Amino acid sequence: MSVHDDLAAVQRCLDDLMRSVGRLEQQLGSGGLEIRRVRTDTDHLRESVALLRQAASAPGEPIRPDLVSIPDTPYDPSLWQDSDDEGLGARDRHAP
């Protein structure tokens, strides 16, 4: 089977799961914590499968997060004015 066939099979199973959870919600009510957790988990699965399908549709292009540039200039010393040095404590106090 190809990746697309596997993803289609997963999508069919997920659709069946969504319908079953919907029927359970009708029978049990949607106010209970357990059914809300199951609904949330199925929603997360649906989102994850959608991401997999998106990644499989563009196999040559890996999905990269947006890069954040960090400047080489030093940070403003006032950022560290009230900070403690890890393991050393505050500058104006002495270790016991």
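What follows is a chat about the helices, salt bridges and surface of one predicted model.

Biologist: Before we start, what are the ground rules here?
Modeller: This is a predicted model, so local features need pLDDT of at least 70 and side-chain atom pairs count only at pLDDT 80 or more, while totals for chains, interfaces and linings use all residues. Residues are numbered from 1 along each chain as its sequence is written, and side-chain values use heavy atoms, with hydrogens and water left out.

Biologist: OK. How many helices and strands does the chain have?
Modeller: Two helices and zero strands. Both kinds of element are DSSP runs, numbered from the N terminus: helices are H or I with at least four residues, strands are E with at least two. Helix α1 covers residues 3–28, and helix α2 covers residues 33–57.

Biologist: What span should α2 have, going by its residues?
Modeller: With 25 residues at 1.5 Å a residue, α2 should span 36 Å, and its end C-alpha atoms are 36 Å apart, which agrees. The expected span is 1.5 Å times one less than the number of residues.

Biologist: Which residues of α2 are buried?
Modeller: Ile35, Arg39, Thr42, Val49 and Ala56. Buried means under 20% relative accessible area, exposed means over 50%, and partly exposed is in between, with a 1.4 Å probe and protein chains only.

Biologist: And what do they pack against?
Modeller: The buried residues of α2 pack against α1. Contact here means heavy atoms within 4.5 Å.

Biologist: Switching to charges. How many salt bridges are there?
Modeller: Three. The criterion is a side-chain nitrogen of Lys or Arg within 4 Å of a carboxyl oxygen of Asp or Glu.

Biologist: Which one links distant parts of the chain?
Modeller: That's Glu25 with Arg39, where the closest N and O atoms are 2.8 Å apart. Glu25 is in α1 and Arg39 in α2, 14 residues apart. Arg39 also turned up among the buried residues of α2.

Biologist: Where are the other two partners of Asp16 and Asp43?
Modeller: Asp16 pairs with Arg19, at 2.2 Å between the closest N and O atoms, and both lie in α1, three residues apart. Asp43 meets Arg46 at 2.9 Å, N to O; being three residues apart in α2, they are separated by about one helical turn.

Biologist: New topic, the surface. Which residues make the nonpolar patch?
Modeller: Ile70, Tyr75, Leu79 and Trp80, about 510 Å² in all. Patches take residues with over 30% relative accessible area and no salt bridge, joining like charges within 9 Å and nonpolar side chains (Val, Leu, Ile, Met, Phe, Trp, Tyr) within 5 Å. Tyr75 sits in the segment after α2 and counts as exposed at 57% relative accessibility.

Biologist: What about the accessible surface of the whole chain?
Modeller: About 8,600 Å², with 56% belonging to carbon and sulfur atoms. Areas come from the Shrake-Rupley method with a 1.4 Å probe, and for residues only the protein chains shown count as cover. Buried residues make up 10% of the 96 residues.
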